[in-house]
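Subject: Structure handover and notes

Hello,

The structure you asked about is below. My notes on it follow; please read them alongside the coordinates.

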Amino acid sequence: MPAWIVPIIAPFIVLNVVIGLVTYVTLLERKFAARMQSRIGPYRVGPHGLLQPIADALKLMMKEDVVPTAADRRVFNLAPIVFLIPCMLIFATIPFAPGLGVADLNIGILFFLAVSSMEIVGLFMAGWGSNNKYALLSAMRAVNQIIAYDLPFIFSALVPVMLAGSLKLSDIATAQSGGMWFVFYPVLGQLAFIAFLVSTLAAENRVPFDILEAESELVAGFRVEYSGMKFALIQLGEYAHIVGSSFLGALLFLGAWAGPGPEWMGPIWFLLKAMLLFLLVTWVRWSFVRIRVDQILALSWKFLLPSTLALLVATAIVVVWRYGGGA
Amino acid sequence: MATPTLSQVELDYSGGERLTMNMGPQHPSAHGVFRAILTLEGETVVAVDAVIGYLHRCHEKLAETLTYAQYPSIASKTDYVAAMTSEFAYVLAAEEIGKIDVPRRAQYLRVVTAELQRVASHLLWLGTWCMDMGGALGGGATIFLYTIRERELILDLFESLVGARLLYGFYQVGGVRYDIPSGWADTCRTTIDLIEQRIGEYERLLEQNPFFLARAQGVGVISRALAEDVGIAGPLLRASGVNFDLRRAAAYSSYQDFQFTVPTEIVGDCLSRYRVRMAEFRESIRIVRQALDGLPEGPISSRPGLKSVAQIRIPKGEAYARVEGPRGEVGCYLIADGSAKPYRMKWRGASFSNLAVLPHIIPGHKVADVVAIMGSVDPVFGEVDR
């Protein structure tokens with residue numbers, strides 16, 4: 001196989017695996033939520049409802065594509081794509097096993113954080129282009145929330161970076177080999193993990209921070225006017241973001257592919273850890289009520305942001321004191 | 001604004017651009033077809049214009065065309081969430097004009113069903129209110145499905161008693177239509193035991209949840225003075241510190257035989273309304289237990305053997321009967337002209353007068369609070385528009 005073909009093949013494979021994973025993650029969530037709510041969940045399509053995501057995708061593809069008359073057509077049509085691309089790009093830097101990934105950049109974490117906060121552009125385009133008051137209000141809330149939660153998200157993600165002494169995701173993963181996962185790092189690890197979870201919840205727009213969707217007030221928020229495949233793209237992007245953040249969390253705090261068994265088990269361990277984080281987020285989603293926009297902002301600016309900043313400073317002090325500057 | 005509202009918050013902090021947003025009549029969190037025209041400044045509601053009337057079905061006119069034997073089944077359609085309540089008010093009014101005695105067994109059975117209905121209605125309220133705050137794709141839906149599961153048990157009880165699950169026609173002028181089947185009382189006891197235990201679970205689930213408290217505490221405060229001025233009733237009134245319950249203040253249908261307390265709170269916010277209703281679950285269950293234990297023997301109706309729909313004739317006269325429904329005072333004003341049909345009938349719906357408080361308390365709150373406040377008022381639009 002010529003070397004030039006790898007950069008073409010690898011993204012193709014990763015993209016398809018991710019799309020498949022994301023579709024099935026919806027089934028996982030629905031089954032999990034159903035069990036929480038003493039229901040069974042999808043059961044009719046295929047054994048135990050295993051074909052349900054495919055049926056859903058087909059249904060959405062066949063739906064009529066409605067564009068509101070008053071919508072800004074170009075912005076409206078472009079928004080789902082602009083929203084989806086960053087959500088897919090975040091998988092580019094994640095190493096699924098040593099040497100197995102699209103691009104192991106030396107600033108991988110930086111790329112991840114930068115790209116993942118770009119989804120707000122697509123989101124705001126959707127809200128603006130729909131020309132709908134609910135959508136506009138939701139887009140306004142989205143901008144507010146992303147600005148408020150991106151900083152704590154970055155700060156909490158930087159704690160493992162400082163402990164590992166590298167911005168390269170594979171280096172961060174190998175720094176945790178031998179069971180020294182950063183979540184076990186005394187005090188700092190746990191606090192950063194909690195802060196990371198909370199701010200990813202907000203960045204992913206999940207309950208209790210799902211004020212953008214807020215279907216009891218804003219019907220469906222920024223995607224209220226979307227239907228058919230465009231709706232599917234937005235949904236896909238949203239879940240891809242959640243899965244991507246779960247992978248990042250598993251990589252930063254739970255030792256990525258580290259685990260018992262032979263080396264080829266690595267990606268499976270990684271996937272299991274990411275799904276564990278995903279289920280944690282789902283568990284929170286299906287047991288909390290949504291909080292108000294002013295409460296969300298207050299939580300971030302008055303509490304989460306100062307405390308993650310303090311955590312970062314504390315980590316820096318510990319790193320300098322223990323390792324004398326360079327780890 | 002088409003209709004002036006009584007309180008408007010003047011904010012105007014950002015150059016005075018205001019957004020008029022239409023919430024309803026088709027909206028996922030409107031409990032029925034209610035339209036609120038909100039004037040927003042950013043996220044803050046500065047004025048609200050409440051529009052009702054989308055579910056008007058001419059109930060009062062309809063009552064003039066149906067006989068005293070027919071209408072109770074239709075009365076249940078006014079407040080379809082607590083169908084027993086409106087039937088109760090109607091038959092009480094007819095019995096008062098006709099001076100018809102109701103056997104004690106029938107009175108007790110009326111109390112049992114009315115209290116079970118209150119539990120069922122409050123269960124639905126708890127679920128939908130949490131869904132308003134938590135979303136159909138979030139924690140709210142979890143509570144909703146739990147409470148619906150328990151409400152189902154009560155509907156099963158009603159089904160084995162009447163044969164219907166939503167609209168019953170159980171009450172008849174002079175008594176009730178059916179006696180309880182054998183074993184019903186025991187099933188009822190186990191059901192209410194289970195529900196009482198589950199209520200405790202919900203309380204632990206919700207009251208130890210800081211997000212729930214953040215959404216409910218201090219939101220939508222109805223002061224005692226406002227509550228009395230607007231004329232709200234039921235749990236809303238009691239949450240604002242007024243100890244008024246018709247079952248105690250003007251006891252009907254042997255309510256004086258039972259021991260129960262009237263729960264009150266003083267703050268008047270959403271959390272107080274929640275607390276009052278949670279306490280009412282327990283009181284209702286207490287009343288059901290007492291009524292089942294002390295259920296007297298005897299006939300279930302003073303007018304047994306009803307053969308024709310026009311058989312009940314009420315002499316000339318008029319009366320106003322009121323009962324304490326799950327949402328407050330449900331009243332029925334009836335004018336009889338001696339025939340088998342009433343001359344005129346007027347409903348006093350609890351939801352209708354409770355809804356009148358919304359324009360007073362909503363301005364100044366955020367959009368998200370509007371749905372939380374509306375949910376805590378617990379309107380049923382069948383009863384508002386009739």
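How many bridges pair β2(B) with strand β3 (residues 44-51) of chain B, and in which sense? The two strands pair over seven bridges, in the antiparallel sense. Two strands count as paired if DSSP finds at least two bridges between them. Helices (H or I, at least four residues) and strands (E, at least two) are DSSP runs, numbered from the N terminus.

Some conventions before the rest. Residues are numbered from 1 along each chain as its sequence is written, and chains are lettered from A and ligands numbered from 1 in the order in which they are written. The model is predicted: local features need pLDDT of at least 70, side-chain atom pairs count only at pLDDT 80 or more, and totals for chains, interfaces and linings use all residues.

Strand β1 (residues 19-23) of chain B runs antiparallel to β2(B) and is joined to it by five bridges; Thr20(B) has Thr39(B) as its bridge partner.

The β6-β7-β8 sheet

Chain B also has an open sheet of three strands in the order β6-β7-β8, with antiparallel pairing. Its edge strands, β6 (317-325) and β8 (342-348), each pair on one side only. On average, neighbouring strands are turned by 15° against each other, direction ignored. Nine bridges join β6(B) to β7 (residues 328-336) of chain B, and Arg322(B) stands opposite Gly331(B) in β7(B). Helix α3 (residues 83-98) of chain B lies across β6 and β7, at about 150° to β6(B). Axes are lines fitted to C-alpha atoms, for helices over the stretch in contact, and angles run from 0 to 180 degrees between N-to-C directions.

In helix α14 (residues 367-377) of chain B, 11 of the 11 residues are buried, among them Asp369(B) and Val370(B). Just after this helix, Asp378(B) takes a positive phi of about 60°. Val370(B) and Leu251(A) touch the most other members of the largest nonpolar core, which has 212 residues. Such a core is a set of buried Ala, Val, Leu, Ile, Met, Phe, Trp, Tyr and Cys residues joined through C-beta atoms within 7 Å. Neighbours within four places in sequence aside, Leu251(A) is in contact with Ile94(A), Leu169(A), Ile172(A), Ala173(A) and Ala256(A). Contact means C-beta atoms, placed from the backbone, within 7 Å.

Chain A and the interface

Chain A has 12 helices and zero strands. Buried residues make up 49% of its 327 residues. The contact between the chains takes 24 residues from chain A and 31 residues from chain B. On the chain A side, α9 (215-218) and α12 (293-323) each supply at least two residues.

Regards

Definitions and conventions: Two residues are in contact if their C-beta atoms, placed from the backbone, lie within 7 Å. A residue is buried if 20 or more other C-beta atoms lie within 10 Å of its own, exposed if 12 or fewer, and partly exposed in between; C-beta atoms are placed from the backbone.
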